[in-house]
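Please look over the sequence and the model below before reading on. The paragraphs that follow lead through the structure one part at a time.

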Amino acid sequence: MDPESEKYEEIQFQPLLDEVSDEEANLPPSKSSRCRISWKRFTIFQTLLILVYTTIYYICSSHPNRPQESPAFGFVPAMTSVPQHLKAFAKHGNHHSPYSQPPSESTSQAWSALLSGGNMRISPSELTPYNATSVSLADGTGYLAKTGFYHELHCLYKLKTHLYPEHYYANASRDYMDEEREHLEHCIEWIRTAAICRGDTTLTLFEWVGDRLETKYPIPHMCYVEDELLSWSRKAGRMVDIDEEGILVGPSGNGGSNLRGDG
């Protein structure tokens with residue numbers, strides 16, 4: 001066979017690249033092959049991770065017991081109806097607030113209006129999620145209730161009146177004032193508990209006024225719009241006048257009148 005024929009035959013029978021010999025098959029995988037496998041596994045892992053995070057986010061955002069909608073965190077109809085806004089607190093707001101003035105007819109009217117929307121009607125279906133009971137309304141339409149902030153306003157008014165005992169309690173007996181003292185302790189503890197419960201973390205800052213260290217409040221708080229919040233129960237047709245005779249089912253099951261309680 002001439003040299004050219006031998007050369008052609010050698011090329012013709014050279015194994016193809018994908019035909020691997022037994023010896024080559026037993027060799028360890030190359031570095032590039034290992035990289036391809038590692039990258040494939042990494043991609044699969046990342047994809048699964050994204051799916052897990054997406055599923056968790058969906059469950060958390062649609063769960064019926066999240067704080068925004070759970071009865072344990074507030075009365076849903078009020079929470080979803082009253083808008084919020086940023087509000088800066090005035091350091092010396094008491095100088096012009098109608099609620100922070102000495103006893104007068106205008107001061108009494110201001111507090112009366114502030115507290116007027118506290119007692120309200122809730123339906124049986126609205127009370128059911130709380131697994132609790134309340135005093136029934138005599139007309140059978142629901143139950144008597146009050147949102148938490150009205151209780152706190154009541155307690156603040158009680159403290160306010162004791163700043164001027166000569167006006168509000170001039171003729172009160174010693175026994176009555178002893179009861180009032182217990183009521184005040186209840187109110188102080190209630191307001192303390194409510195303040196820590198809500199835990200407003202808005203920062204209070206400081207400044208020097210001459211050589212005195214004083215607080216300042218340039219950072220606004222996130223608040224419910226005051227007028228909307230205070231008028232909500234009135235607008236919703238929920239207000240209940242507990243001083244009206246026969247409005248409530250009394251302790252004996254008959255129509256009851258307002259009894260003095262702890263607010």
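This is a predicted model: local features need pLDDT of at least 70, side-chain atom pairs count only at pLDDT 80 or more; totals for chains, interfaces and linings use all residues.

A residue is called exposed when its relative accessible area is over 50%, and buried when that area is under 20%.

Which cysteines are joined by a disulfide? The structure contains 1 disulfide, and the bond runs between C155 and C187, with an S to S distance of 2.5 Å. C155 belongs to helix α7, residues 148-161, and C187 to helix α9, residues 174-198; the bond therefore ties together parts that lie 32 residues apart in sequence. The torsion about the S-S bond is about -70°, which means that the disulfide is left-handed.

E152 has a relative accessible area of 16%, and so counts as buried. Neighbours up to four places away in sequence aside, E152 touches W190, I191, A194 and R198.

The residues M177, E180, H183, L184, C187 and A194 are buried in α9. Such a list can be read with the geometry of a helix in mind. An α-helix has 3.6 residues a turn, so residues three or four places apart point the same way. The cover over the buried residues of α9 includes α7. Just after α9 comes G199, with a positive phi of about 55°.

Between α7 and α8 there is a loop that holds H162. Is H162 buried or exposed? Its relative accessibility is 19%, so H162 counts as buried. The side chain of H162 makes a polar contact of 3.3 Å with that of Y169. Beyond the neighbours within four places in sequence, H162 is in contact with Y169, M177, E180 and L184. Three residues in that set, M177, E180 and L184, are buried residues of α9.

The strands provide the next stage. Strand β1, residues 84-87, and strand β6 run antiparallel and are joined by 4 bridges. Within this pairing, K87 has H221 of β6 as its bridge partner. Strand β6, residues 221-224, has two faces: H221 and C223 lie on the covered face, whereas M222 and Y224 lie on the uncovered one.

The largest nonpolar core consists of 8 residues, namely F75, A78, V82, M120, I122, L127, A145 and W232. Apart from this core lies another, of 6 residues, which include L137, L144, I247 and L248. M120, a member of the largest core, touches F75, Y143, L144, A145, T147, W232, S233, R238, M239 and V240 when residues up to four places away in sequence are not counted.

Two loop residues complete the tour. N131 lies in the loop between α6 (124-127) and β3, and its relative accessible area of 75% means that it is exposed. The phi of N131 is near 50°, a positive value in a residue other than glycine. G250 is found in the loop between β7 (248-249) and β8 (255-256). With a relative accessibility of 13%, G250 counts as buried. The C-alpha atom of G250 is separated by 8.5 Å from that of A138, although these residues are 112 residues apart along the chain.

Key
Residues are numbered from 1 along each chain as its sequence is written. Side-chain values use heavy atoms; hydrogens and water are left out. A disulfide is a pair of cysteine sulfur atoms within 2.5 Å. Buried means under 20% relative accessible area, exposed over 50%, partly exposed in between (1.4 Å probe, protein chains only). Two strands pair if DSSP finds at least two bridges between them. A nonpolar core is a set of buried Ala, Val, Leu, Ile, Met, Phe, Trp, Tyr and Cys residues joined through side-chain atoms within 4.5 Å. Contact means heavy atoms within 4.5 Å. A polar contact is a pair of N or O atoms within 3.5 Å; within protein, one must be able to donate a hydrogen and the other to accept it, and residues adjacent in sequence count only if both atoms are side-chain atoms.
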